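Take a look at the sequence and the fold before reading on.

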Amino acid sequence: MTTTPIDLVDEGLALYHRGEGFEAHEVWERVWREAKADPKRVDEERVLRALIKLAAAMVKVKQKQVAGVLAHAIGARELLEQVSADVLVAVAHVRSIANDVEANAHALVEGRCDARAVFGSITRV
């Protein structure tokens, strides 16, 4: 059975929802490399890069690195601001998750809020 890019996006989403940011990042990076190589897939590449950054922010929470959480959340939001339509995921929803992660970065690192609630649920469109 061949694994398609959509299968990998879904696999990454499942890992992300389980709080496995590093693993989600690794899976999404495989799809991102393909998208990056195709100039017709610019929005897809940006969305994948934003998802990778959110997954990396999740890792930085576990590492207790506020600056890393902030940098990745801001980077994800900025990438998604360049995408005008839903691509792979509901872009506006993921952008709001990036905003929530940024706004709660200190509380996340200090364990004062529920990371799963802040990082939310992302569904593919």
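Which helices each supply at least two residues of the lining of the largest pocket? They are α1, α3 and α7. Keep in mind that this is a predicted model.

**The pocket**

The largest pocket has a volume of about 150 Å³. Its lining includes Tyr16, His17, Met58, Val61, Ala115 and Phe119. Lys62 and Arg116 also line this pocket, and so do Gly19 and Gly120.

**Helix α5**

Helix α5 covers residues 91-103. It has 13 residues. From first C-alpha to last, α5 reaches 18 Å, close to the 18 Å expected at 1.5 Å a residue. Its buried residues are Val91, Val94, Ile97, Ala98 and Val101. They sit on the same side of α5, because they cover an arc of only 115° around the axis. An α-helix has 3.6 residues a turn, so residues three or four places apart point the same way.

What do the buried residues of α5 pack against? Their partners are α1, α3, α4, α6 and α7.

**Helix α2**

Helix α2 covers residues 21-36. Its 16 residues should span 22 Å at 1.5 Å a residue, and its end C-alpha atoms are 21 Å apart, which agrees. Where does α2 bend? The bend is at Glu29, by about 25°. Glu29 is also one of the buried residues of α2. Others on that list include Trp28, Trp32, His25 and Val31. The cover over the buried residues of α2 includes α1 and α3.

**Three single residues**

Now for three residues and their accessibility. Buried means under 20% relative accessible area, and exposed means over 50%.

| Residue | Relative accessibility | Class |
|---|---|---|
| Glu44 | 17% | buried |
| Lys64 | 54% | exposed |
| Leu88 | 11% | buried |

Glu44 is found in helix α3. Leaving out residues up to four places away in sequence, Glu44 touches Val31, Ala35, Val87 and Leu88. Both Val31 and Ala35 are buried residues of α2.

Leu88 lies in the loop between α4 and α5. Its phi is positive, near 70°, and Leu88 is a residue other than glycine. Is Leu88 buried or exposed? At 11% relative accessibility, Leu88 counts as buried.

Lys64 sits in the loop between α3 and α4. Lys64 has a positive phi of about 60°, although it is not a glycine. At 54% relative accessibility, Lys64 counts as exposed.

Terms used. Residues are numbered from 1 along each chain as its sequence is written. This is a predicted model: local features need pLDDT of at least 70, side-chain atom pairs count only at pLDDT 80 or more; totals for chains, interfaces and linings use all residues. Side-chain values use heavy atoms; hydrogens and water are left out. Helices (H or I, at least four residues) and strands (E, at least two) are DSSP runs, numbered from the N terminus. The expected span of a helix is 1.5 Å times one less than its number of residues. Buried means under 20% relative accessible area, exposed over 50%, partly exposed in between (1.4 Å probe, protein chains only). The arc is that of the directions from the helix axis to the C-beta atoms. Contact means heavy atoms within 4.5 Å. The bend at a residue is the angle between axes fitted to the seven residues ending there and the seven starting there. On a 1 Å grid over the protein atoms alone, a cavity is a set of points where a 1.4 Å probe fits but cannot get out, and a pocket is an open set with protein on both sides within 12 Å along at least five of seven lines; lining residues have an atom within 4 Å of a point. Grid points are joined across faces, edges and corners, and a volume is the space filled by probe spheres set on the points.
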